[in-house]
Amino acid sequence: MSTSIPEPGSGSVTATGVPIHGHRPVRPVLVITVFCLGLFMTLLDITIVNIAIPDLVTDLNATLETVLWVGSAYSLTYTVLLITAGRLGDIHGPRRLFLIGLTVFTAASLASGLSQTPGQLIAFRALQGVGAALLAPQGLPIITSILPAAKRGPAFAATGIMSGLGVLAGPTLGGFLVTNAGWRWIFFLNIPIGIVTLILAFVFMPDVRPGRKHRLDLVGVALLTVGLLGVVFGLIEGERYDWGTVVGFVTIPLIIGVGAVFLGLFLWRQVRTQDREPLLPFVVFGDRTFTVMTLVLLAMGFAMVGVFLPMTIYYQSVLGLTAVAAGLVIGTQSVAMMITSGVVGGLSGSGRINMKWVLIAGLLLFAAGMMYVVAVAAPDSGQWTFVPGLITAGIGLGCVWTPVFGLATRDMPPSRAGIGAGVLDTVQEFGAVLATAILGALLANRLASALVSQASAAAAGLPEAARAPFVDGLTQAASGGLQVGAGQAQEALPADVPAAVADQISAAAHHAFAAAFTDAMDPVILVAVGVILAAAVAVLFVRDGAGDRSAAPSGGASDAAAEIAA
């Protein structure tokens with residue numbers, strides 16, 4: 001990938017024939033670097049916040065339920081606005097939306113760090129989600145505008161590497177900041193990164209305009225926003241409200257149902273406006289390869305949560321690792337993914353490998369690595385026991401991200417890349433939300449069942465007087481789902497229990513919980529593996545890559561034709 005692309009003729013178009021407003025020369029390496037910095041900041045913010053939850057509860061005098069909304073508020077606004085943000089990028093230009101999103105995210109980071117109450121922090125985290133949603137879908141239209149299809153691999157590899165770096169750095173850097181500077185600095189850290197990225201974006205990011213100016217379907221935006229808000233809120237919060245009443249007559253099923261109705265109305269309106277200015281042009285789904293890639297990303301969003309939700313709890317609650325130590329173990333997967341992404345990205349434009357088969361191999365390797373984890377998981381496993389499986393899965397992930405976006409954009413004109421990016425990002429996030437609801441409930445139910453049976457088994461080794469309180473304590477704790485721990489059995493005991501017996505009970509309770517959680521974790525991960533295997537089968541229906549180079553639009557004429565269709 002060269003550092004500068006000569007601009008043909010008047011210097012007002014990119015190498016793919018997309019018009020440029022202004023006179024900035026197009027330097028792909030710098031442009032991709034700027035986008036990766038913005039992407040890294042948003043990804044780091046997701047992983048780093050989880051480390052600070054205990055300190056947030058204490059410092060803001062908040063309940064755990066309230067503090068969990070610090071993460072949920074971000075996820076909610078981010079997921080709901082991605083498609084709209086992608087279309088706004090098509091209308092006003094991806095550079096403008098990137099700058100607005102980056103400004104909002106940076107300002108909201110400052111406000112989050114200065115928050116004095118839980119309500120303030122939740123509100124500003126929601127605003128961070130808005131900024132991230134405006135920013136995230138703009139990379140794809142910029143990449144497809146400045147690089148032809150055969151040269152996009154390194155750019156997609158760079159985004160994969162930054163994703164891995166964000167996941168890797170979050171727990172370690174978050175633990176360091178929370179321990180040495182306080183939780184507010186996990187938000188203040190974004191400010192210098194955001195300012196530097198803003199300056200670089202103003203200087204180096206070209207103002208590409210992939211298509212003609214559209215009008216925004218405001219009715220469609222309203223229907224889509226309300227629909228996604230209802231469905232995503234219901235899925236995120238369903239477990240917390242036991243899938244029942246939220247307040248008064250309002251229940252989780254009602255919220256999800258109303259959201260589904262609004263999504264139905266949105267689709268109905270889009271069908272009626274396809275010949276005018278739809279928010280979601282159905283022509284993007286006319287490309288079978290793009291449609292299959294949306295299914296792959298839906299599966300990846302689902303599977304990543306299905307793997308990392310139970311594994312994160314397992315590392316800390318079963319093996320007793322600190323958040324930083326757990327992050328170092330998981331980091332082996334991230335490092336493997338980063339290295340592999342670079343290799344695949346470098347080979348993608350050579351014509352020597354078929355990205356379809358690389359993607360299938362990556363999905364199969366990811367599934368194989370997770371099956372290894374299931375096979376060796378035990379209540380007393382060592383910290384590094386899972387490293388072979390994690391590295392295998394990391395190599396698989398490195399073979400997924402570059403091909404999936406390369407194939408999705410192979411035949412996509414830059415004029416539709418904004419809405420295409422919004423769709424891809426939304427389905428991936430929706431897969432994660434769906435997994436949180438479905439697999440979170442499965443994990444909680446399996447844990448409750450296994451905890452009761454493990455309590456009965458562990459009680460056999462206790463003094464007779466302690467057995468009944470022990471079993472009762474863990475049985476009652478089982479109703480707490482993912483919030484249970486080994487401590488409830490001790491809390492149920494009389495105060496005059498001898499210290500030696502109390503220690504014995506504590507050890508038995510931890511053993512029962514560790515064994516129960518390990519048993520409950522395995523089927524959850526296997527469900528995620530099954531979804532990945534189904535995605536690998538779906539990729540078989542992708543057309544072979546004979547048209548990788550020729551199918552990509554190379555001039556203004558193809559873009560104009562595409563815009564007429566849109």
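**Ground rules.** I number residues from 1 along each chain as its sequence is written, and side-chain values use heavy atoms, with hydrogens and water left out. As the model is predicted, local features need pLDDT of at least 70 and side-chain atom pairs count only at pLDDT 80 or more, while totals for chains, interfaces and linings use all residues.

**Confidence.** I looked up pLDDT (the predictor's confidence in each residue, from 0 to 100). The protein averages 80, and 82% of the residues score at least 70. Residues 1–11 have a pLDDT below 50, with 27 contacts beyond near neighbours in sequence; contact means heavy atoms within 4.5 Å. Residues 481–494 are also below 50, and that stretch has 29 such contacts. A note to myself: where pLDDT is low, the predicted coordinates should not be read in detail.

**Helix pair.** I then turned to H1 (residues 28–49) and H6 (residues 139–146), whose axes come within 11 Å and cross at roughly 175 degrees. Axes are lines fitted to C-alpha atoms, for helices over the stretch in contact, and angles run from 0 to 180 degrees between N-to-C directions. That angle makes H1 roughly antiparallel to H6 (the label applies over 145 degrees). Helices here are DSSP runs (H or I, at least four residues), numbered from the N terminus. H1 brings Pro28, Val31, Ile32 and Phe35 to the contact, and H6 brings Gly139, Ile142, Ile143 and Ile146. I sorted these contact residues into 7 nonpolar, 1 polar and no charged. Ala, Val, Leu, Ile, Met, Phe, Trp, Tyr, Cys and Pro count as nonpolar, Asp, Glu, Lys and Arg as charged, and the others, Gly among them, as polar.

Last, I checked the lining of the second largest pocket: 12 nonpolar, 2 polar and no charged residues.

Note on methods
Helix = DSSP H or I, 4+ residues; strand = E, 2+ residues; numbered from the N terminus. Parallel < 35°, antiparallel > 145°, perpendicular 65-115°, else oblique.
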